[in-house]
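Subject: Structure handover

Hello,

Here is the structure I said I would pass on. My notes follow below it; please read them with the coordinates open.

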Amino acid sequence: MPTRREIANAIRVLSMDAVQQANSGHPGMPMGMADIAEVLWNDFLTFNPQNPQWLNRDRFIVSNGHGCMLLYSLLHLSGYDLTIDDLKQFRQLHSKTPGHPEFGETPGVETTTGPLGQGLANAVGMAIGEKHLAALFNKDGFPIIDHYTYVFVGDGCLMEGISHEVCSLAGTLGLGKLIVFYDDNQISIDGDVSGWFTDNTPLRFQSYGWHVVPEVDGHNSEAIHAAIVAAQTEKDRPSIICCKTIIGYGSPNLAGSAETHGSALGEKEIVATRAKLNWDHQPFHIPDAVYQAWDAKKKGYEKEKQWQTLFAEYIKQFPDLAQELQRRISHHLPEQWTMHSNKLIEEMQSKKEAMATRKASQVSIQHFAHILPELMGGSADLTASNLTDWKGVQVFSRTKPEGQYIHYGVREFGMSAIMNGLALYKGILPFGGTFLTFSDYARNAVRLAALMRQRVIFVYTHDSIGLGEDGPTHQPIEHVSSLRLIPQLSVWRPCDTIESAIAWQKAIERQGPTCLLFSRQQVPFIEREMATIANISRGGYVLHDCLGIPEVIMIATGSEVALAQEAAQQLTKERINVRVVSMPSIDVFLTQDKKYQEDVLPKAVLNRIAIEAATSDSWYPFVGRQGKVIGINCYGDSAPAKEVFKKHGFTVDHIVTAAKDMLHQTLC
């Protein structure tokens, strides 16, 4: 039987061999954390390699994702569908072993990591998910949801500001089943971190309200085992195990140096490392005895089988709860979902209320929350401004884990990455709000939500210069366009109550992230026929039309749609044929068939004006060289909204004049 060190060395050699073959990658962290991983995976981690999606598995996250060969080695050795040939294809095109872990590409990878600190934030979200669903679905004698979330982090993760945001909140929420392993090797890319990172990490986490296990020898299996036992014993606080390690452990000449962080060791050093580790085997060769020591297929099968037996009895005793849990985990919407959604639209159509679209959003949330118990909302300390709460909702807390609303505090980035973790956990549909201008703080988490195609809803209010007096620091200008640039992200900017309700409906139905942009200021209700309403879900539609061929087409979004409507009515009185197209979602419109797009925006009509209180870049593909964009390509002003709009040309008179000038130039 191989020793623990020999078992752990399998991670070291696979990692250095894969990086060497690719001539690219990061061998230092896998070699340094191998002993910790060996103890965790073989003594504690609950999982089934033959079913990576087993609901009650422990979650294991490598937040310092550059060390992904540690994770790939673990997955391969323990029996996941990841072959030795897959490891040989590390960092190659179309391989199952990309340069950083990617959710959906590799069985057993729980989230996409690499941007440091975000894996830690995702893990906080997963721990919240575990605590929340356990409170809702567990019954006496039936711990259906009962597992840990484990995270590996490095110095870089803890330097990133997001680590403060999420760890502070995790302590407040008492996430006792979250256990973090800090790889305290004192090395980052630039070298010894003592020149730029001298935090007292144990004291820092104590101040957050965490349970701290300090000064653990990360190469001593008994010490690691004892630390994990201590962490699991702590039920009411998250734990951090601070492990003193040597980066590149086993490399006789490079261990402990930044040279092992992000570069292959080199052939000579690999030979020397093999000798140092007493590993007398060829590259990528693992002895059968080591494979047997790692193989978790039988153990994992038995653990899941025990759980499945428990769940079968749970189904008998609590059939409604079991059915609801299964529905939520599978992302299925409730029966008669379409009917419930249409009811909201019918109510808004009958009331014909003028209101800020942020208020229309809250009305929609109130409606959908009664249909979708999986909705879990929140705000980054702007609840009263974002209007993201609803009547009767309980706040999620240390003592009320069944609550559906999270007060994230002023933590936009942390909130967004936590929501990604909630979505990845499954059974929860997260949404969270802040001002649109602060989407900048959250942008990398939004990008990862898109990369992973997670069903996360980002609610951004105060969507333009229309917010008024708070001025240019709070008035988004470039943000709408920049969000539209993110692949696989859907962006909606509705103009009234009806469009707001449909935007929410489409966001809920979508398997992917959505940004919903809402106004602070009141906007008028716009009358429509039912056939017109049916086309809103297509992202762009004809809102107002003329008899015959249009001479001018106006395209607008959000609060500017009402201006376009008024301008069209004025031009119609002057016998100018005008069509108004509302386009709440460019990305959705562009997925429609070409015939529909042509019907809405016929190529023959060259006189086009796009109107949006944001940078103009998004609109040139729609208006063409002969068209015009009424946008704003400078910062705003601190003044009442009407005055700011007037200064920057967002008035009916300016739009009418622009249309007439365009027609005059065409005639000339």
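A residue is called buried here when its relative accessible area is under 20%. The model is a predicted one, and every value below is computed from it.

**I609 and strand β19**

I609 has 0% relative accessibility, so it counts as buried. It is part of strand β19, residues 608-611. Leaving aside residues up to four places away in sequence, the contacts of I609 include V552, I553, M554 and I555. V623, K628, I630, I655, A658, A659 and M662 are also touched by I609. For a sense of distance, T245 is 364 residues from I609 in sequence and 62 Å from it in space, C-alpha to C-alpha.

Along β19, R608 and A610 point one way, while I609 and I611 point the other way. All four are buried.

Five strands make an open sheet in the order β1-β2-β3-β7-β6, and the pairing is parallel. Its edges are β1 (59-62) and β6 (211-217); each has a single partner strand, so one side of each has no neighbour in the sheet. From one strand to the next, the twist averages 15°.

At one end of that order, β6 is joined to the parallel strand β7 (residues 239-244) by 5 bridges, and D217 has K244 as its bridge partner in β7. Helix α9 (residues 221-233) packs on this sheet, where it touches β2 (149-154), β3 (178-184), β6 and β7. The direction of α9 makes about 175° with that of β6.

**The sheet with β10**

Another open sheet has 6 strands, ordered β10-β9-β11-β12-β14-β13, again with parallel pairing. β10 (405-407) and β13 (490-492) are the edge strands, each pairing on one side only. Neighbouring strands here are turned against each other by 20° on average, with direction ignored.

Within this sheet, β9 (residues 375-379) and β11 (residues 429-435) pair in the parallel sense over 3 bridges. M376 stands opposite P430, which is in β11.

**Helix α13**

Which residues of helix α13 are buried? In this helix, residues 319-329, they are A322, L325, R327 and R328. These buried residues pack against two other helices, α5 (118-137) and α12 (297-317). After α13 comes H331, whose phi is positive, near 65°.

**Other positive phi values**

Most residues other than glycine have a negative phi.

- K352 has a positive phi, near 55°. It sits in the loop between α14 (337-351) and β8 (355-356). With 38% relative accessibility, K352 counts as partly exposed.
- H462 has a positive phi, near 60°. Its place is the loop between β12 (457-461) and α19 (479-484). With 3% relative accessibility, H462 counts as buried.

**Cysteines**

How many disulfides does a search of the whole structure find? It finds 0. A disulfide is a covalent bond between the sulfur atoms of two cysteines, and the cut-off used here is 2.5 Å between those atoms. The closest cysteine sulfur to that of C157 belongs to C167 and is 9.7 Å away, which is too far for a bond. Seen from C167, the nearest cysteine sulfur is likewise that of C157, and C167 is in no disulfide. C157 counts as buried because its relative accessibility is 1%. C167 also counts as buried, at 1% relative accessibility.

Regards

Notes: Residues are numbered from 1 along each chain as its sequence is written. This is a predicted model: local features need pLDDT of at least 70, side-chain atom pairs count only at pLDDT 80 or more; totals for chains, interfaces and linings use all residues. Side-chain values use heavy atoms; hydrogens and water are left out. Buried means under 20% relative accessible area, exposed over 50%, partly exposed in between (1.4 Å probe, protein chains only). Contact means heavy atoms within 4.5 Å. Two strands pair if DSSP finds at least two bridges between them. Axes are lines fitted to C-alpha atoms, for helices over the stretch in contact, and angles run from 0 to 180 degrees between N-to-C directions.
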